[in-house]
Amino acid sequence: MTQASDSRDSELAASLSPEASAAEGSSTCPPSADAQLPKANEGTADLAVLRTQVVNALRDWYVMALDSIASLLDGRFLQQPPKDLWLLGRHYDIEVQPGEQGWAGGYPPDVIDDFGRLIWCTYRSQYPAIAQSDFTTDAGWGCMLRAGQTLMAQALQLHHFGRDWGFSWDSALDEHVRRRQLYVGIVEQFLDDYTPSSTFSIQRMAAMGRQFEGKDIGEWFGPYGTARILRGLAHQASHEVSVYTTTDGVVYLADVCEAEFKPTLILVASMLGIDRVNPVYYPFIQASLMLPQSAGIAGGRPSSALYFAGFQGDELLYLDPHYTRPAVARRENSSYSQADLATYSCANPRRIALSRLDPCMVFGYYCATLESLVDLRSRVELLADDGVKVIMTFDNGHAPEMALPSETPASGVDTANTEDGQQALVTRLPETPSSGTSTSSSRSTSGEIVLEADCSEEEWVTEL
């Protein structure tokens with residue numbers, strides 16, 4: 001199942017085009033190691049690529065074996081998969097009608113095409129050393145950061161494209177060129193360097209995590225720490241999409257809206273059990289991925305982070321960040337080819353049973369407008385009224401205490417030499433204000449925001 005050819009990886013990115021054929025859409029996502037390799041020391045680079053291919057192949061075999069054994073033990077191996085599939089708020093009926101042939105890979109082309117448009121952030125290697133360390137790869141410790149990047153990337157795609165989009169890499173039509181440039185611009189925010197446009201690079205996330213979480217670079221990050229890092233980076237960059245985080249499950253609307261509403265990614269970190277997810281939360285996890293605001297879930301199996309984008313029955317569809325590829329070299333926006341960014345997409349949905357999930361996870365919801373936020377609140381409250389055990393509630397006021405990283409570099413910006421000798425900014429956040437510290441200056445003058453909306457009974461709730 002694992003293949004390493006350039007041509008095969010090029011086929012993966014074809015799923016970004018609405019004209020992709022069914023055969024292309026059903027291709028797998030091989031954990032290959034093709035990317036922009038350094039010209040010098042090609043023998044060393046080739047050895048590194050070969051080693052990466054072997055490790056990725058072993059990972060691929062391990063995951064397939066683990067999933068197969070789990071399916072046998074759960075009695076799901078010979079069962080017919082449910083015909084209903086949900087992917088980031090979109091429903092697909094994948095039932096094969098009598099007389100029809102099944103699809104390659106088990107999914108119809110429209111599902112493969114939709115899944116293939118997700119931006120897939122994975123381990124990378126051969127990038128400039130992270131400041132104050134010798135790490136040139138995040139393999140083995142950065143999986144949750146990568147899952148967080150993937151979640152943030154989907155929020156940015158929702159921000160720029162919504163759920164209906166596609167483009168052809170080779171088209172000269174203005175709309176295709178515009179979408180291609182936007183897509184590349186999103187991916188560039190996650191490239192592995194200190195360039196200002198790499199807002200959410202692994203270097204910046206690790207540096208901010210060192211200040212926020214007190215973790216040395218190379219230590220594993222948890223879901224909540226990753227959510228705080230994304231919030232801090234978005235805030236310091238004055239990003240077009242704001243990030244709001246909560247750990248107590250309460251979304252304080254006055255803090256989200258402040259003086260003027262801004263497109264916002266709401267990250268809800270929650271612990272849904274002890275060793276495994278409590279089954280009482282299964283319906284909410286599924287309902288969350290049915291919401292039109294869903295940007296996915298960063299979670300995983302124990303000690304192994306994953307990004308969840310949808311579900312089919314009692315299994316979640318996921319992207320796995322545990323595949324190492326060489327870092328992609330930065331260039332002009334219009335200079336990237338389809339093959340350059342092929343390793344940022346995957347056309348092979350994999351599934352994991354809800355019973356095998358780690359209970360700690362971060363739920364992401366992107367609200368483009370105030371009306372979308374009102375709708376999210378109404379839908380969650382409707383779920384609660386319908387008897388679903390929800391993990392989030394909404395409050396019209398401010399949080400008792402709200403800490404945000406400083407916007408000014410004077411509050412703490414270190415510099416460090418990158419591999420090419422240039423000075424790179426290393427984010428260093430101020431300490432979280434202690435209890436009693438006033439933060440009213442960062443809030444709106446209004447004490448609370450009233451968001452009320454009527455939401456009648458809807459079919460998507462009864463689907464559960």
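This is a predicted model: local features need pLDDT of at least 70, side-chain atom pairs count only at pLDDT 80 or more; totals for chains, interfaces and linings use all residues.
Helix 7 and helix 8 cross with right-handed geometry. Helix 7 spans residues 202-213 and helix 8 spans residues 223-236. Their axes lie 9 Å apart. The angle between them is about 110 degrees. Helix 7 is therefore roughly perpendicular to helix 8, because angles of 65 to 115 degrees fall in that class.

Which residues of helix 7 meet helix 8? They are R204, M205, M208, G209, F212 and E213. An α-helix has 3.6 residues a turn, so residues three or four places apart point the same way. On the helix 8 side, the partners are G225, T226, R228, I229, L230, R231, G232, L233 and Q236.

Now step back to the whole chain. The protein chain has 12 helices and 15 strands. Its length is 464 residues, and 55% of them are buried. Take the contacts with a separation of 6 or more: 72% of these join residues 24 or more positions apart.

The buried set is V111, I112, D113, D114, F115 and G116.

Next, look at the loop between strand 10 and strand 11. Strand 10 is residues 325-326, and strand 11 is residues 350-353. Two serines in this loop are worth a look. Is S345 buried or exposed? S345 has a relative accessible area of 1%. That makes S345 buried, because the cut-off is under 20%. The S345 side chain reaches the backbone oxygen of A342 at 3.2 Å. S337 has a relative accessible area of 31%. S337 therefore counts as partly exposed, because its value lies between the 20% and 50% limits. V184 is 153 residues away along the chain, yet the C-alpha atoms of S337 and V184 are separated by 9.8 Å.

Finally, confidence. The protein chain averages a pLDDT of 78. A score of at least 70 is reached by 67% of the residues. Where does pLDDT stay under 50? One such stretch is residues 1-28, for which the model has 71 contacts beyond four places in sequence. Another is residues 452-464, with 29 contacts beyond four places in sequence.

Technical notes:
Residues are numbered from 1 along each chain as its sequence is written. Side-chain values use heavy atoms; hydrogens and water are left out. Helices (H or I, at least four residues) and strands (E, at least two) are DSSP runs, numbered from the N terminus. Buried means under 20% relative accessible area, exposed over 50%, partly exposed in between (1.4 Å probe, protein chains only). A polar contact is a pair of N or O atoms within 3.5 Å; within protein, one must be able to donate a hydrogen and the other to accept it, and residues adjacent in sequence count only if both atoms are side-chain atoms. pLDDT is the predictor's confidence in each residue, from 0 to 100. Contact means heavy atoms within 4.5 Å. Axes are lines fitted to C-alpha atoms, for helices over the stretch in contact, and angles run from 0 to 180 degrees between N-to-C directions. Angles under 35 degrees count as roughly parallel, over 145 as roughly antiparallel, 65 to 115 as roughly perpendicular and the rest as oblique. A crossing is left-handed if the near helix is turned anticlockwise from the far one by less than a right angle, and right-handed if clockwise.
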